Amino acid sequence: MIRLLLILLPLLNLNDQNNIAQVPSNFQTLDTSRYVVFPYSQAYSYYLSDGKPTTISPSEINLIDTLLIKASEEYNNKKDKYFSWQPISSLESYKLQLIAVLDSNNKKMVYANCFRPWTLYGRKETLKDQPSDWRTVLVLADGGGNTFFHLTFNLTDSTYNPIITNSHL
(Lines give C-alpha, C1' and ligand atoms only; values in the text may rest on other atoms or scores of the structure.)
Protein backbone atom coordinates (compact mmCIF):
# COMPACT_ATOMS: atom_id res chain seq x y z
CA MET A 1 0.00 0.00 0.00
CA ILE A 2 1.26 3.47 -0.78
CA ARG A 3 1.32 5.69 2.26
CA LEU A 4 1.02 9.27 1.16
CA LEU A 5 2.65 11.89 3.34
CA LEU A 6 1.61 15.46 2.77
CA ILE A 7 4.22 17.72 4.25
CA LEU A 8 2.64 20.89 5.47
CA LEU A 9 4.85 23.88 5.09
CA PRO A 10 5.12 25.17 8.65
CA LEU A 11 7.23 28.16 7.72
CA LEU A 12 4.84 29.52 5.12
CA ASN A 13 2.56 32.25 6.30
CA LEU A 14 -0.46 31.66 4.09
CA ASN A 15 -1.72 35.16 4.80
CA ASP A 16 1.38 36.62 3.16
CA GLN A 17 0.68 36.86 -0.56
CA ASN A 18 4.43 36.77 -1.32
CA ASN A 19 4.77 33.26 0.12
CA ILE A 20 1.80 31.51 -1.48
CA ALA A 21 2.60 29.13 -4.31
CA GLN A 22 1.10 30.83 -7.29
CA VAL A 23 1.55 31.23 -11.01
CA PRO A 24 3.69 34.29 -11.79
CA SER A 25 2.14 36.78 -14.21
CA ASN A 26 4.70 35.92 -16.93
CA PHE A 27 3.30 32.37 -17.18
CA GLN A 28 0.41 32.88 -19.55
CA THR A 29 1.16 29.51 -21.17
CA LEU A 30 2.17 27.50 -18.08
CA ASP A 31 0.14 24.31 -17.84
CA THR A 32 -1.17 24.76 -14.30
CA SER A 33 -2.75 21.31 -14.43
CA ARG A 34 0.81 19.94 -14.47
CA TYR A 35 3.19 22.47 -12.85
CA VAL A 36 3.37 24.51 -9.70
CA VAL A 37 6.24 26.71 -8.55
CA PHE A 38 6.69 27.04 -4.78
CA PRO A 39 8.57 30.02 -3.40
CA TYR A 40 11.70 28.91 -1.55
CA SER A 41 11.73 29.01 2.24
CA GLN A 42 13.73 27.29 4.99
CA ALA A 43 11.09 24.55 4.98
CA TYR A 44 12.69 23.32 1.75
CA SER A 45 16.32 23.37 2.91
CA TYR A 46 16.28 19.56 3.01
CA TYR A 47 15.79 19.50 -0.78
CA LEU A 48 17.92 22.49 -1.81
CA SER A 49 20.88 24.10 -0.13
CA ASP A 50 20.20 27.53 1.23
CA GLY A 51 20.09 30.16 -1.42
CA LYS A 52 18.31 33.23 -2.59
CA PRO A 53 14.73 32.61 -3.72
CA THR A 54 14.22 33.14 -7.43
CA THR A 55 11.62 32.65 -10.14
CA ILE A 56 11.39 30.30 -13.10
CA SER A 57 10.71 31.68 -16.56
CA PRO A 58 8.65 29.95 -19.28
CA SER A 59 11.84 29.20 -21.24
CA GLU A 60 13.30 27.58 -18.11
CA ILE A 61 10.20 25.38 -17.83
CA ASN A 62 10.97 24.25 -21.38
CA LEU A 63 14.57 23.55 -20.35
CA ILE A 64 13.34 21.54 -17.35
CA ASP A 65 11.13 19.47 -19.68
CA THR A 66 14.09 18.83 -22.03
CA LEU A 67 16.41 17.87 -19.16
CA LEU A 68 13.70 15.70 -17.60
CA ILE A 69 13.42 13.67 -20.82
CA LYS A 70 17.20 13.15 -20.79
CA ALA A 71 17.21 12.25 -17.10
CA SER A 72 14.39 9.71 -17.54
CA GLU A 73 16.15 8.12 -20.53
CA GLU A 74 19.33 7.85 -18.45
CA TYR A 75 17.35 6.33 -15.56
CA ASN A 76 15.61 3.85 -17.86
CA ASN A 77 18.95 2.73 -19.33
CA LYS A 78 20.54 2.05 -15.93
CA LYS A 79 18.38 -0.79 -14.70
CA ASP A 80 19.66 -2.00 -11.34
CA LYS A 81 19.69 -5.79 -11.22
CA TYR A 82 19.66 -5.84 -7.41
CA PHE A 83 16.47 -3.90 -6.85
CA SER A 84 12.94 -3.98 -8.14
CA TRP A 85 12.85 -1.57 -11.06
CA GLN A 86 10.25 -0.10 -13.36
CA PRO A 87 10.98 2.36 -16.17
CA ILE A 88 9.69 5.91 -16.09
CA SER A 89 7.37 6.50 -19.02
CA SER A 90 4.62 8.90 -20.08
CA LEU A 91 6.31 11.95 -18.57
CA GLU A 92 3.35 14.08 -19.65
CA SER A 93 1.23 12.30 -17.02
CA TYR A 94 3.44 13.52 -14.14
CA LYS A 95 2.75 16.62 -12.10
CA LEU A 96 5.81 18.70 -11.18
CA GLN A 97 6.23 20.70 -8.02
CA LEU A 98 9.19 23.05 -8.52
CA ILE A 99 11.28 25.07 -6.06
CA ALA A 100 14.01 27.43 -7.32
CA VAL A 101 16.99 29.15 -5.69
CA LEU A 102 20.15 30.94 -6.70
CA ASP A 103 22.90 29.10 -4.83
CA SER A 104 26.07 30.59 -3.33
CA ASN A 105 27.74 30.41 -6.78
CA ASN A 106 24.78 32.30 -8.32
CA LYS A 107 23.64 29.18 -10.19
CA LYS A 108 19.91 28.62 -10.58
CA MET A 109 19.01 25.32 -8.92
CA VAL A 110 15.53 23.81 -9.18
CA TYR A 111 14.23 20.92 -7.09
CA ALA A 112 11.52 18.97 -8.95
CA ASN A 113 9.15 16.70 -7.08
CA CYS A 114 7.31 14.58 -9.66
CA PHE A 115 4.34 12.26 -9.27
CA ARG A 116 1.47 10.87 -11.30
CA PRO A 117 -1.88 9.27 -10.55
CA TRP A 118 -1.24 5.95 -8.89
CA THR A 119 -2.78 2.55 -8.50
CA LEU A 120 -3.96 1.04 -5.24
CA TYR A 121 -4.74 -2.66 -5.03
CA GLY A 122 -4.60 -3.06 -8.80
CA ARG A 123 -7.25 -0.48 -9.64
CA LYS A 124 -6.54 2.85 -11.24
CA GLU A 125 -7.41 5.72 -8.97
CA THR A 126 -9.18 8.65 -10.58
CA LEU A 127 -7.82 12.16 -10.37
CA LYS A 128 -10.47 12.99 -7.79
CA ASP A 129 -8.85 10.36 -5.54
CA GLN A 130 -5.45 12.06 -5.80
CA PRO A 131 -4.31 14.88 -3.51
CA SER A 132 -6.23 17.98 -4.50
CA ASP A 133 -3.91 20.29 -2.58
CA TRP A 134 -0.76 19.37 -4.54
CA ARG A 135 -0.51 23.02 -5.65
CA THR A 136 -0.04 24.17 -2.04
CA VAL A 137 1.48 21.16 -0.24
CA LEU A 138 4.58 19.22 -1.21
CA VAL A 139 3.52 15.64 -1.98
CA LEU A 140 5.84 12.97 -0.56
CA ALA A 141 5.22 9.25 -0.53
CA ASP A 142 6.62 6.29 1.35
CA GLY A 143 6.87 3.75 -1.46
CA GLY A 144 5.25 3.81 -4.85
CA GLY A 145 8.28 3.18 -7.05
CA ASN A 146 8.44 5.13 -10.29
CA THR A 147 5.10 6.82 -9.60
CA PHE A 148 7.02 9.25 -7.38
CA PHE A 149 10.47 10.59 -8.13
CA HIS A 150 12.55 13.70 -7.65
CA LEU A 151 15.71 15.32 -8.94
CA THR A 152 17.53 18.64 -8.95
CA PHE A 153 18.30 20.69 -12.04
CA ASN A 154 21.11 23.21 -12.48
CA LEU A 155 19.52 25.52 -15.04
CA THR A 156 22.60 27.71 -15.31
CA ASP A 157 24.70 24.79 -16.60
CA SER A 158 21.78 22.82 -18.14
CA THR A 159 22.60 19.77 -16.00
CA TYR A 160 20.73 17.56 -13.54
CA ASN A 161 21.31 15.06 -10.79
CA PRO A 162 20.09 11.49 -11.41
CA ILE A 163 16.45 10.68 -10.80
CA ILE A 164 15.69 9.18 -7.40
CA THR A 165 12.56 7.02 -7.28
CA ASN A 166 10.81 5.67 -4.24
CA SER A 167 11.10 2.05 -3.22
CA HIS A 168 8.28 -0.35 -4.00
CA LEU A 169 6.11 -1.49 -1.10
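**View 1. Surroundings of Phe149 in the predicted model.** Leaving out neighbours within four places in sequence, Phe149 is in contact (heavy atoms within 4.5 Å) with Leu68, Ile88, Leu91, Tyr94, Ala112, Asn113, Cys114, Ile163, Ile164 and Thr165. Phe149 has a relative accessible area of 1% and therefore counts as buried (under 20% relative accessible area, with exposed over 50% and partly exposed in between, for a 1.4 Å probe and protein chains only). The model is predicted, so that local features need pLDDT of at least 70 and side-chain atom pairs count only at pLDDT 80 or more, whereas totals for chains, interfaces and linings use all residues. Residues are numbered from 1 along each chain as its sequence is written, and side-chain values use heavy atoms, with hydrogens and water left out.

**View 2. Aromatic pairs involving Phe149 and Phe148.** Rings of Phe, Tyr and Trp (its six-membered ring) pair if their centres lie within 6.5 Å, and planes under 30 degrees apart count as stacked, over 60 as edge-to-face and the rest as tilted; by this rule there are six aromatic pairs. The ring centres of Tyr94 and Phe149 are 5.0 Å apart and the planes stand at 65°, so this pair is edge-to-face. Tyr94, in the loop between α1 and β4, and Phe149, in strand β9, are 55 residues apart. For Phe115 and Phe148, the centres are 6.5 Å apart and the planes at 20°, so the pair is stacked. Because Phe115 lies in strand β5 and Phe148 in strand β9, this pair ties together parts 33 residues apart in sequence.

**View 3. Thr152 in strand β9.** Thr152, found in strand β9 (residues 148-154), is buried, with a relative accessible area of 14%. Not counting residues up to four places away in sequence, Thr152 touches Tyr47, Leu48, Met109, Val110, Tyr111, Tyr160 and Asn161.

Terms used. Helix = DSSP H or I, 4+ residues; strand = E, 2+ residues; numbered from the N terminus.
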